[in-house]
Amino acid sequence: MVARSLRHVVLALIVFIWVVPFVALVTTSLRSETASKTSGFWTAFTPTELGHRFSTHEKGAAEKLTVMTGNIFERLNKDDPSFPVTGEVNSILFKGRVPDPENPDKTKLIRKLVPAGEVMDVRGGDFVFQENGDFTWTFPEETAPKPKKLDAFIDQDPVFGSDAYVEVLFDNKNVPNALISSFIVTIPATIIPITIAAFAAYAFAWMSFPGRDWLFVIVVSLMVVPTQLAFLPVLQGFSGIASWATQLNQWLTDCEVNDTCQVASKSFAGLWITHTAFGLPLAIYLLRNYIVGLPKELLQSARIDGANHLQIFTKLIVPLSVPALASFSIFQFLWVWNDLIVALYIGPNNAEDLVFPIRLQKQLGTFKDQLHLLNASAVISMIVPVIVFLSMQRYFIRGLLAGSVKGG
Amino acid sequence: MAINFKTLGAAAVASFTLAGVASADVCDTPSKLGDLGRFDGEVITIAGSMEGKDEEMLTNTVSCFEKATGAVVKYSGSRDFAALIVADLRSNNAPNIAIFPQPGLAGDMAKEGHLVPLGQASADWMAANYGAGQSWVDLGTYADADGNKNFYGFAFKMDLKSLVWYSPEQFEDNGYEIPSTMEELIALSDQMVADGNTPWCIGVESGNATGWTATDWMEDLMLRTTSPENYDRWVSNDLPFNSPEVLNAMEVYGQFSRNDDYVAGGASSVATTFFGDAPKGLFSSPASCMMHRQASFIPAFFPKKGEEVANGEADFFYFPPYASIDLGNPVLGAGTLWTMTKDSPATRAFFEYMKEASAHEAWMSQGTFLTAHKGADLNAYATPALRKQGEILSNATTFRFDASDLMPGAIGAGAFWSEMTAFANGQDAKTTADNIQAAWDAIK
């Protein structure tokens, strides 16, 4: 009983740890740029005190007058209507030099928070504001005051908006393009290795040929080769193939090099091949261990009924291996979808063909500060793997156990 | 099917782009473009590290070349340029043009034989037509695989580093004056501390380039504490890193950056503050600092992406020299180097295009671009602020390039960065200098 509730507590804790960043991401993506930059996401749900700078009026807009009135919220919201600043004005930070009482020749800088209703001296006039943002600025004689910027501390009401999503999806942020590119890369890079691996796994499990065990050991040991190690030789290979293809193209179509017949060595196909090559060892290993555990009698009776290897594979093995196939698809899909480094080195590098992780990295870009846009894009990029996972997750646990528990 | 959708998507995005740029034709420059020849449909690929706004301006500028010649220019920018270009060059995947932000790496690539010389004619042209021309030629001249010196790097798009950014409004509120000497600057900083303000925002974090901001400070202070000749000897390591001159500059930098009263967030925050976030303290509410020393590109990182400079919320002054040390008005700067990595007639025409005043003016009109091209019309600068920077450049009595860019990659983009970060984290000046010198000795 105790052990069980302890287990639940630990589980709840793990879920909590994983959910917090997600909530933070979604919350931040729905907040305004200033709010997300100046305060934590957890402050988004309750009124929070934030500092805002406002100017009393437009430059050159004031005519000669003795009393100027206005509203702080109107001044703040004139440019950014989608995330309006609302709430109560707590105080205004007053700064200015006054004669130093202890040292008559010098002046002293004083700073204090002036609450609503209290008079302060701004550019020679009396400045008073109310909690609702109304202010009056009274001058002893007629003047045309220069605009003054003041820091107001406002209890900001919670405000959310989908501006960041609109911006990344529709305002030339290349996110829709990146989504499509990512699908172009990910779908073949999942299907190709799993198809090859299924055939190979069947061969390793149920066909006997000389050197089978040694070959399998080699395939399994290839799992430890890191992708990063192979970038240069792989790229060299692709550039060799590309220049060969360019020459062939030239010979066939009579076009000039550097013109349209140039075959790019960094392409989607290169990514498919690379992801396939580096995904295969694990795929073969996983599927072989699953397939080898299928009941021997089933296959033997199929043989007696006259089925050949291909028929056994398509009619028996594939339908029975769906859990293993599905769980490996999830693995491979997530790995390719989230891959940055292979796409960076091997994938196409023209702006419209960049995959999502590169696009996200570029959004960090030269300007690391567009946090709200980055978060919105990150949420969009997360939706796809979440859908894939949820739609296949019932196979996932069974597939994870593949190989470890005989008979799956 | 997927491909069709993709093309549709690209077309939609392209139309958005056009709508954004159509407001001003950057190719309509004061100087006229000469004849560059026709290269219809020929593709020129360019790789570089510029992203975001810079990438946009680059694309706009090269579009003028595309219009004039019919060639197609494809630019790919990545923050990981330094790593990617090495892999691309070594695996025969060279783009036509690589834009190196650091001469050190360009020199390494020239030594491996991956760069195509631009020829003596181009070097002569640059010496004659760029302000301080010979120093720009030297910056782009490296030894090839056989040890022969050739001109490879065409400097285009320069940065001015000796600037201090501030908010005029804050200075007005507090009654501060712009200092014209280093002594006044230090007195002003002390005054700010006495008033309860924090004078400086300093941040050196920059991913795998963390520390470069600190090296800029060091270089600016070297130019203000010792002679330009010593600076040159320091760059070539004839003057060791742990010599008294260099140590002195580091100590002076320490007086700014390791002083809890001077730095917003305290000295310990220097190493962990992103360099692009540091200047935001000038504009936060309430302001967390009063001044920020950084190169001419930094307004792009201001909260309104540089609009502050145009509307008077931000301004800059020249990082002043000491009145007590007579060294004139030294200025520190840098520039990106455009190198040919794969030869083609269209690529050669592109390098001819970069000699045209019109190419410089096209970028000048878009902002954050400084040039040493003497033929470029100063009126083409997008803002008075850029013009003012151009004037600082021309009033300089001494001009020196960013030392860390000139040092070998292992130092200028390695030990110097990392040790200055360690210095920010509390390592003493002597150990820092000794470590960098040891790293330099190791590669000799």
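Select B:Asn92 to begin: this residue, which follows helix H3 of chain B, has a positive phi near 60 degrees. Helices here are DSSP runs of H or I of at least four residues, strands are E runs of at least two, and both are numbered from the N terminus. The model is a predicted one, in which local features need pLDDT of at least 70 and side-chain atom pairs count only at pLDDT 80 or more, while totals for chains, interfaces and linings use all residues. Residues are numbered from 1 along each chain as its sequence is written, and chains are lettered from A in the order in which they are written.

Next, select H3 itself, residues 81-90 of chain B, where the buried residues are B:Phe81, B:Leu84, B:Ile85, B:Asp88 and B:Leu89. Buried means that 20 or more other C-beta atoms, placed from the backbone, lie within 10 Å of a residue's own. Because these residues cover an arc of only 125 degrees around the axis, they sit on the same side of H3(B); the arc is taken from the directions from the helix axis to the C-beta atoms. Their cover includes helix H12 (341-346) of chain A, as well as strand S1 (43-48), strand S3 (97-100) and helix H4 (103-111) of chain B.

Then move to B:Thr336, in strand S10 (residues 330-340) of chain B, which counts as buried because 22 C-beta neighbours lie inside 10 Å. Beyond its neighbours within four places in sequence, B:Thr336 is in contact (C-beta atoms within 7 Å) with B:Ile99, B:Phe100, B:Pro101, B:Phe156 and B:Lys157.

Finally, show all of chain B, whose C-alpha trace spans about 65 × 50 × 45 Å along its principal axes.

How values were computed. A residue is buried if 20 or more other C-beta atoms lie within 10 Å of its own, exposed if 12 or fewer, and partly exposed in between; C-beta atoms are placed from the backbone. Two residues are in contact if their C-beta atoms, placed from the backbone, lie within 7 Å.
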